Amino acid sequence: MGIQVNDISKRFNNDFVALHNVSLDIKSGELIALLGPSGSGKTTLLRIIAGLEFADSGTVILDGQELRTKNAKERNVGFVFQHYALFKHMTVFQNVAFGLSVRPKAQRPSDQEIRRKVMDLLELIHLEAYHDRYPSQLSGGQRQRVALARALAVEPKVLLLDEPFGALDAKVRKELRRWMRRLHDDIHITSIFVTHDQEEAMEVADRVVVMSNGCIEQVGTPEQVYHHPVNGFVYDFLGNYNEFDGWKDKDGAVHLAETEIVEIPEETIVQASTQTGWLGRYPEISHVVNKVVPGLLPEKIAPVIVKKKKTIRRPPDATAVKLFTRPHEIFVSKVLDGDEYVTARVTHINPASALVKLELERPGGAILQAEIPKTVVDELNIKRGDMLYIRPKATRVFE
Amino acid sequence: MRKFREPSVLPGFGITLGITLSYLSLIVLLPLSGLFVSTAGVSFAEFWATVTSPRVMSAYRISFGASFIAAFINVFFGLIVTWVLVRYKFPGKRIMDAMVDLPFALPTAVAGIALTALYAPQGWVGRYFEPLGIKIAFTPIGITIALIFIGLPFVVRTVQPVLEDMNREYEEAAVSLGATRWQTFCRVILPELTPALMTGFAMALARALGEYGSVIFIAGNMPGVSEIIPLIIITKLEQYDYTGATSIAVVMLLASFLMLFAINLLQSWSRRRRDE
């Protein structure tokens with residue numbers, strides 16, 4: 001059941017704009033992550049879809065139906081809260097059964113049916129043995145699973161999760177999001193979850209909606225938003241980065257601002273003629289001679305490649321730009337190889353991961369982060385306090 | 001095994017426990033035991049005759065009956081007052097919040113005189129009930145009204161912090177699961193508030209049982225009709241019947257203690273069910 005969000009705006013009492021003309025189209029069965037820093041409006045958008053908050057303008061259409069006139073009770077959406085919001089005075093069973101037991105008599109399933117359904121759900125979340133426990137007797141991860149089962153019990157059209165893993169510790173969090181991904185693959189319910197953790201959004205969601213300041217910055221698959229961010233905010237939010245001052249030459253190529261003169265190694269093919277004497281000037285003669293005595297004269301002369309350096313001077317009117325690069329896209333060297341570079345001193349080395357993390361300080365005091373394969377670090381014998389030549393391997397420019 | 005004295009960063013376990021015990025003994029236990037000592041002077045038959053005489057029996061009924069009714073009414077309306085004070089914003093809210101404490105601060109005799117003036121047959125309110133044949137002042141109804149007046153802040157002040165701390169998410173969760181407002185209130189909000197409501201009830205009840213000043217004016221003190229236990233004790237004291245007074249006091253003390261103990265048990269049971 002798809003959801004269309006059209007032009008939603010919301011302003012809170014103190015004139016704080018929570019959402020500004022937000023539109024979003026969610027396809028049936030999708031798992032969507034609303035990703036953004038706190039105050040970006042992601043939770044407000046989720047609550048508006050749930051009917052717990054009301055938009056000042058705009059519409060939400062669920063499954064072809066306009067929702068404005070319906071309150072949270074009539075919308076039939078499942079909502080999962082960051083702090084579980086399990087009813088403390090009810091057992092796990094009663095919590096999960098709550099949504100079914102409050103239905104009007106005519107629509108309420110029989111007690112046996114409720115029991116069967118609740119036990120099925122508890123089996124789904126692997127907590128059937130805990131059905132008579134109270135929420136306070138469960139761990140955080142178990143509570144959140146109960147909250148999820150409680151929301152699923154009413155067979156909602158969509159499932160909305162507000163930072164569902166926010167209150168859990170790192171390990172449980174990873175387990176639970178893997179579990180949620182599998183669950184979604186099994187039951188295919190349209191789901192939207194809010195998170196400020198980009199790793200979580202990338203790992204779980206089909207599509208990620210990046211939000212900031214009440215606006216949607218980009219919507220796309222994790223691959224799209226990570227590798228093709230549309231602006232600096234998205235790029236910044238999805239990972240660590242380094243910033244360099246740069247300039248743009250007339251061909252559109254970007255250069256580091258530190259280098260006034262750029263010497264680009266260029267491969268120039270030098271004509272063989274100058275290298276092989278007069279015969280090279282007349283390849284036809286060689287051709288004829290070779291017809292008589294094959295292989296006597298070199299007919300095709302291998303071109304000689306000479307490396308030259310092309311010098312680009314920064315014009316005084318060059319456009320200044322900011323260059324961005326991810327820590328793993330940094331090239332470090334201890335010797336100059338003639339390309340553009342900046343210098344930086346190693347201030348900290350963290351070798352406790354797949355890539356060694358270097359913290360580097362540039363002469364002006366700016367900090368760079370680099371992630372370098374361990375082999376490179378060993379080969380160059382990088383130590384704290386070393387001066388290194390740094391070059392971004394790939395850069396992005398946002399106008 | 002749990003040690004009697006847990007290691008702690010703050011020193012002073014010995015001295016604070018010592019002070020607590022001696023203070024409680026001096027201020028609470030000593031006077032109460034004096035009550036038992038002075039009552040021990042009479043024989044049991046004499047004691048039994050005093051505490052079960054018809055006039056005293058009817059005073060028990062009025063005291064306990066009116067106190068229970070007042071405490072129940074206070075729980076009901078106290079919850080509504082608290083709800084409004086916590087959940088809504090309106091002009092004059094702070095003043096209304098402060099007004100709740102007035103029954104605490106007002107000398108009880110002042111309250112009694114004011115209530116009598118209002119509810120007496122010629123009073124501002126009483127005169128409209130007089131033609132209907134309803135007498136408020138000088139009947140158990142008047143007593144109950146006075147007890148409601150002095151008991152209200154106990155309920156409001158115990159429920160208020162709990163309601164303030166109660167997370168809105170519980171209500172939102174219930175509503176998103178399809179519960180009506182009424183179902184949400186009965187099945188989600190009320191159970192959360194029950195321990196606090198019970199504390200408020202117990203405190204309002206305890207206060208009502210011991211209340212004297214505000215009641216004697218409005219009660220009229222007709223033996224068997226509108227005479228409360230504290231008044232009987234005073235009357236006996238004025239007649240120099242000290243053992244009679246202490247006998248009844250002992251009965252009241254035991255009854256109050258048993259009731260408060262039972263309410264505490266109920267409360268800890270309802271609390272333990274969820275906070276384990």
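1. Four bridges join S3 (residues 31-35) and S9 (residues 207-212) of chain A, and the two strands run parallel. Helices and strands here are DSSP runs, helices being H or I with at least four residues and strands E with at least two, numbered from the N terminus. Two strands count as paired if DSSP finds at least two bridges between them.

2. Please keep in mind that this is a predicted model, in which local features need pLDDT of at least 70 and side-chain atom pairs count only at pLDDT 80 or more, while totals for chains, interfaces and linings use all residues. Residues are numbered from 1 along each chain as its sequence is written, chains are lettered from A and ligands numbered from 1 in the order in which they are written, and side-chain values use heavy atoms, with hydrogens and water left out.

3. S3 and S9 belong to an open sheet of six strands in chain A, ordered S6-S7-S8-S3-S9-S10, with mixed pairing. Its edge strands are S6 (77-80) and S10 (215-220), each of which pairs on one side only. Ignoring direction, neighbouring strands are turned by 15 degrees against each other on average. Helix H5 (residues 140-153) of chain A packs on this sheet, touching S6 and S7 (158-162), and its direction makes about 170 degrees with that of S6(A). Axes are lines fitted to C-alpha atoms, for helices over the stretch in contact, and angles run from 0 to 180 degrees between N-to-C directions.

4. Buried means under 20% relative accessible area, exposed over 50%, and partly exposed in between (1.4 Å probe, protein chains only).

5. Chain A also has an open sheet of four strands, in the order S2-S1-S4-S5, with antiparallel pairing. S2 (17-26) and S5 (65-66) stand at the edges with a single partner strand each, so one side of each has no neighbour in the sheet. S1 (residues 3-11) and S4 (residues 57-62) of chain A are joined in the antiparallel sense by five bridges, and Val5(A) has Val60(A) as its bridge partner in S4(A). Helix H1 (residues 42-50) of chain A lies across S1, S2 and S4, running at about 65 degrees to S2(A).

6. Now the core. A nonpolar core is a set of buried Ala, Val, Leu, Ile, Met, Phe, Trp, Tyr and Cys residues joined through side-chain atoms within 4.5 Å. The largest one has 78 residues, and Leu34(A), Leu45(A), Phe87(A), Phe98(A), Leu160(A) and Ile192(A) touch the most other members. Helix H10 (residues 181-210) of chain B gives the most to this core, with 10 residues. Apart from it lies another core, of 45 residues, including Val96(A) and Val225(A). Leu34(A), from the opening point, has contacts (heavy atoms within 4.5 Å) that include Leu24(A), Leu45(A), Phe193(A) and Met211(A), not counting residues up to four places away in sequence.

7. How many residues of each chain are in contact? The numbers are 24 in chain A and 20 in chain B. The area buried between the chains is about 2,200 Å², with carbon and sulfur atoms giving 58%; buried area is the accessible area (1.4 Å probe) that two parts lose on being put together, summed over both. Lys73(A), Lys88(A) and His89(A) supply 28% of what chain A buries against chain B, more than any other three residues. The interface holds two salt bridges, taken as a side-chain nitrogen of Lys or Arg within 4 Å of a carboxyl oxygen of Asp or Glu. Arg47(A) forms a salt bridge with Glu172(B), with the closest N and O atoms 2.6 Å apart.

8. Two backbone angles are worth checking. Asn21(A), in S2 of chain A, has a positive phi of about 45 degrees although it is not a glycine; Asn21(A) is partly exposed at 45% relative accessible area. Tyr240(B) also has a positive phi, near 60 degrees, and is found in the loop between H12 (229-238) and H13 (242-275) of chain B. At 65% relative accessibility, Tyr240(B) counts as exposed.
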